[in-house]
Amino acid sequence: MKKGLKRSLTLLAAVTLAFGIAGCAGGSNSGNTSTGNETGANNAAETKGNGEKTKLVYWTYQRHDAEYIKAKIDEFNSTNQDNIEVEMTMMAENYPQSLDLAFASDQAPDVFAAQRPNEFYAKGYFEPLNDYMTDDLKAKFEGFILEGGNQFDGNIISLPNVGNTIRLVYNVDMFEKAGLQPPKSLDEMVAAAKKITEIGKADGIYGWSLPYKSPSSALGRSAEKIAEMNGFHRSGFDFKTAKYDFTGWKPIIEAFRQMSADGSVLPGSEALDMDPMRAQFAEGKIGMYISYSTEPGVYNTQFPAKIRWDATLVPTIDGGEPQGAVDPAAITWLSMSSESKNKEAAWKFMTYMYQDEVLRGYHEAGLGISVLPHVLEGAKEPSVPGIKSFLPTKYDAAWPIAPSGVTPEGKTWHEEFVKYILVGGDLDQVISDLNASYNAALDKAVADGKVKVTADPSFDPKALQK
Amino acid sequence: MIQKWKNHAEAYLFVTPSVILTVTLGIYPILWALRYMFYDYKGYGEAKFAGLYNIKRLFRDDYLWDAIWNTFVFASGKMILTLPVALLLAVLLNGKLRGRNLLRGIYFMPTIFSTAVMAVVFYLIFNSYNGLLNQILNMIGLPAVEWLNMQNAMLTCIIIAAWGGIGNYMLLFLAGLQGIPKDVYESAELDGATGARRFWSITIPMLGPVLNIIMMLAIMSALESYEAIMVLTGGGPSGATEVMHLYLYKLLFPVSTGETMAQDIGYGSAVAMLLALIVGVITGLYLYLSRKLNDIYS
């Protein structure tokens, strides 16, 4: 090869490489949906010269309320007197990882939907809101600021908006056909699942299902809520002793196992995600399951139900008066980034979003169940058909915050219990092992200074009821 | 010395990008993980030196050893199913078969499809309740099978993995077959060797070097694959299809908010090193044995 050609090729390679590297270093495109007017690469807020707009970036992972939030943001953009323009970016997937990347690359949003508060507080992502909050706002949210939930070391990182109530969702047609009432006890639930399967199996109808593909999704929406209703915190943590104790869960997990052993569970539930399971319920193939107050929205828009369905309180162990309450977990919503260059503007936007009218509209649209008395006052009943059965009762009430970041070595309780539910085994041994592994993890977290716990022998879960 | 550098300047220039990439994307992360395996680090906050804690934890982590066992089952199943079928197809398509180029393309096609997309398609086929396969079984009067339950999920994953791998190995076998001189077959034919005899006495021995490479690739890829399983079963039900690299992935990148496994960079680094060691030892052992066998038979 001639020397000139060699040099040309070398030069070409060097230029290509330089452009390649420059290209890699350019703006990122995360493939997410940006609903603002601009979809520029730089997500950081920018303040322009005199008279120009202050641009804020807002990130959310919630899709179900996008239409409502976008309308409110448009309203804010067109009415605010401070020349602030908010651009909403709805992240498609992997929200926590996207936030990590954004903070690591100095492209953090100004305002974002809070998630993993414990972890993100430790990472320093949150701007404390204490100094921004007016006395009026403090008064409105009094009782909803929870240390370890939306407050860490006295720093308020977010305020709540809505929570999710939990109900047993059932196929009214099948319950009527079987001559059954919605179950009040675990035994009734097991018997109902069995009877519905007996009369429906020929048509492919089974009494019970849960998305067991993800143990945390399956039991997080069901068993742990039944546990709370019966006076046991959803994490397994016992506030009276400041130890983990899953012993009280035994009848709940046994009931779930019994439904599997009876053949009352929709075949293939082990490999089901939530949405395919909902699709089967909408088709009338499932007698009942337990889930969040998002279900009415799902059956009105996503999977229009072909059957009559309703929802009721989750059963208690013996069918008697609940000994606890189910936590709607209304803890966080919007947070301000510690790295925002326009914190005053960001707070103005947050103040707008947290105003009563916006929160009330959110509740009335059925996008979530508000737990805030000042919002519920004068609020109309949510408009989504089916939501009525999900409206808060005295059994929907907040629990104290249990220790977070206690991760046992090996399998979690979700995984151990789902394994037992699917294949059986020695439940006493499973519970004993779980108690040991969770308490070992708790002891280590306490020793490392990551968690502080105090026993409260007078703790009464029944007193949580409103 | 300077003159020597100048003489090789272009060579160094060409080599530099790959050296930079290897160091930054290959060697640096390994060194990083080697360091963090001795730390208690959850991905945020302060990394605290933990000595041998993570290493000791490896030996009492039943979940990990279950996943390693599942990996061996998966890898063995995949190879037992993939390699003979791939070889058979390669032999058939190396002959004078009508439309062989089209068939080669068809069999190779699964290799170019996205594993994740195909896992979703296979879910629609193997879904126990209303999957295509069970509907066909019902139509011909056979009972439905719960393809994705605790007992059958691993087999289903193996079938899907084999489907995705056969085309690739078929192509490698084909390349090997085309390197065998035709006159050897002609001589054998003149000596009266049957097709089967020619296969066992000529094809297999002469494929030896290619077979070695294919086996090594197959072992490594089977031990390291997890993508289809992640989409199809997520390692479930109840860990029945949890393979070791999926477990590692969950430790380092717990992607969904509902994930029960918490991010643990320190322990994840220790697991990564163990898995690299396992894959390295098995591959090394295979290479050693195959060389020994070559020495014996050559």
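How many helices and strands does the secondary structure of chain B come to? Let's work through that and a few more exercises together.

Residues are numbered from 1 along each chain as its sequence is written, and chains are lettered from A, with ligands numbered from 1, in the order in which they are written. The model is predicted, and local features need pLDDT of at least 70, side-chain atom pairs count only at pLDDT 80 or more, and totals for chains, interfaces and linings use all residues.

**Exercise 1. Describe chain B as a whole.**

Step 1: Chain B has 14 helices and two strands. Helices (H or I, at least four residues) and strands (E, at least two) are DSSP runs, numbered from the N terminus.

Step 2: Along the principal axes, the C-alpha atoms of chain B fill a box of roughly 80 × 75 × 35 Å.

Step 3: Of its 298 residues, 33% count as buried. Buried means 20 or more other C-beta atoms within 10 Å of the residue's own, exposed means 12 or fewer, and partly exposed lies in between, with C-beta atoms placed from the backbone.

**Exercise 2. Describe chain A and its domains.**

Step 1: Chain A comes to 17 helices and 16 strands, and 44% of its 466 residues are buried.

Step 2: The domain assignment gives domain 1 (33-159 + 331-370) and domain 2 (166-327 + 400-464) of chain A. Such bounds come from an automatic or database domain assignment.

Step 3: The C-alpha centres of these two domains of chain A lie 33 Å apart. Their contact takes eight residues from domain 1 and seven residues from domain 2.

Step 4: In helix α12 (residues 295-302) of chain A, E295(A), P296(A), G297(A), V298(A) and Y299(A) are buried. Their cover includes β9 (166-171), α11 (274-282), β13 (286-292) and β14 (309-312) of chain A.

**Exercise 3. Describe where chain A touches chain B.**

Step 1: The contact takes 34 residues from chain A and 29 residues from chain B.

Step 2: On the side of chain A, the elements that give two or more residues are α1 (3-25), α4 (117-122), α8 (215-220) and α16 (413-423). Helix α16(A) gives the most, with six residues.

Step 3: By class, this side of chain A has 12 nonpolar, 13 polar and nine charged residues. Ala, Val, Leu, Ile, Met, Phe, Trp, Tyr, Cys and Pro count as nonpolar, Asp, Glu, Lys and Arg as charged, and the others, Gly among them, as polar.

Conventions: Two residues are in contact if their C-beta atoms, placed from the backbone, lie within 7 Å.
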